[in-house]
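Welcome! Please take a moment with the sequence and the model, and then read on for a short tour.

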Amino acid sequence: MKKSEGLKAKIIENGKFNVNLFNGKLKQSFLKILPKIGRGLQKATRYYKKELHNPAEEKKVATLEFWNEITKKAHSLGIQLIGFAPVDENLIFEKDQTTKIDSLYENAIVLGMEMNYDAIETAPDAPAGLEALNIYAELGIATNNLADFIRSKGYGAIACHPLGGPILYPAMAVKANMGEIGRQGLLITKKYGPRQRLSMIATNASPLPEIKVEAYKISEYCDKCGTCIKMCPVNAILEEPIIHENGTISRIDSNKCFEYFYENVGCSICIKVCPFHKFGYDKLFKLKFYS
Ligand code: SF4
Ligand code: SF4
């Protein structure tokens, strides 16, 4: 099992969200989503405790057929993006406030689920925030179900819920070669730009399938763009990222971002204005919006 090397998380305080912004139908949806998130978090914690009581062996041989089966199952559960990478201890948080997970198996299955395009277009209004919560709930359920499936095959699996969680998901997704990090600190993928939420399953299944290395050139585009920096309402996105000793990088001033985020039940402006969301990767690169 791998443990944190001391990375500190900025804690989201759920009680600070201004949920009064949800009225009428939005409120009804919100009241359905909230218990789903709660149940997903509780299940992740419950199964983690079981796993610790009866931990699986350090590594268990997995074939390519196994990984193909996992990928197929993930897609059937509504998870569109999947990648594989060894767990990096430097990316594990010192404290996981939401599910209390503090140790992980050797390998990671990184998962992503798309947020609805039209809902994100309403940012920073309430439908965008509600969609983020909706995907936290749905991806949380799907992650738990995929972990159940992996355990049913005789492997160890620890489901890491998308809301909070024990590890820095975007950086793990980059290790799994799913995309690159944009200047606003979010994972940018070819399929959805920055419009996805992430989760992870740690497993003892090994070896991982071969990781396909692809040069996305997203940071090159970001260097010339900077739209999210200009459009952030509270100037939270740093012009120059801060590189820490452990190799992690801060791209936003999270104190500034979180205050606005709480007031608006999520913000998502830096997703909405990103050309990788607006036009998509293929148009930006193949149709020569960028050269
Ligand atoms: S808005 Fe521009 S600079 Fe910001 S992440 Fe998207 S492409 Fe990069
Ligand atoms: S979520 Fe909103 S406040 Fe936070 S960095 Fe993005 S645009 Fe700025």
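## About the model

This is a predicted model, in which local features need pLDDT of at least 70, side-chain atom pairs count only at pLDDT 80 or more, and totals for chains, interfaces and linings use all residues. Residues are numbered from 1 along each chain as its sequence is written, while chains are lettered from A and ligands numbered from 1 in the order in which they are written.

## Around ligand 1

Let's begin with ligand 1, which 13 residues surround (a residue counts as near if its C-beta atom, placed from the backbone, lies within 6 Å). The closest are Gly182, Cys222, Cys225, Cys228 and Cys274. Two or more residues of this shell come from each of α6 (218-225), α7 (227-231) and α10 (275-278), and α6 gives the most, with three. Helices here are DSSP runs of H or I with at least four residues, and strands are runs of E with at least two, numbered from the N terminus.

By class, the shell around ligand 1 has eight nonpolar, four polar and one charged residue. Ala, Val, Leu, Ile, Met, Phe, Trp, Tyr, Cys and Pro count as nonpolar, Asp, Glu, Lys and Arg as charged, and the others, Gly among them, as polar.

## Around ligand 2

The residues around ligand 2 include Cys232, Cys257, Cys267 and Cys270. Helices α8 (254-263) and α9 (269-272) each give two or more residues, with α8 giving the most, three. This shell has eleven nonpolar residues, one polar and no charged ones.

## A strand hairpin

Strands β11 (residues 237-243) and β12 (residues 249-252) run antiparallel, joined by three bridges (strands pair if DSSP finds at least two bridges between them). Isoleucine 243 stands opposite isoleucine 249 in β12. Five residues lie between the two strands of this hairpin, and glycine 247 in the turn has a positive phi of about 95°.
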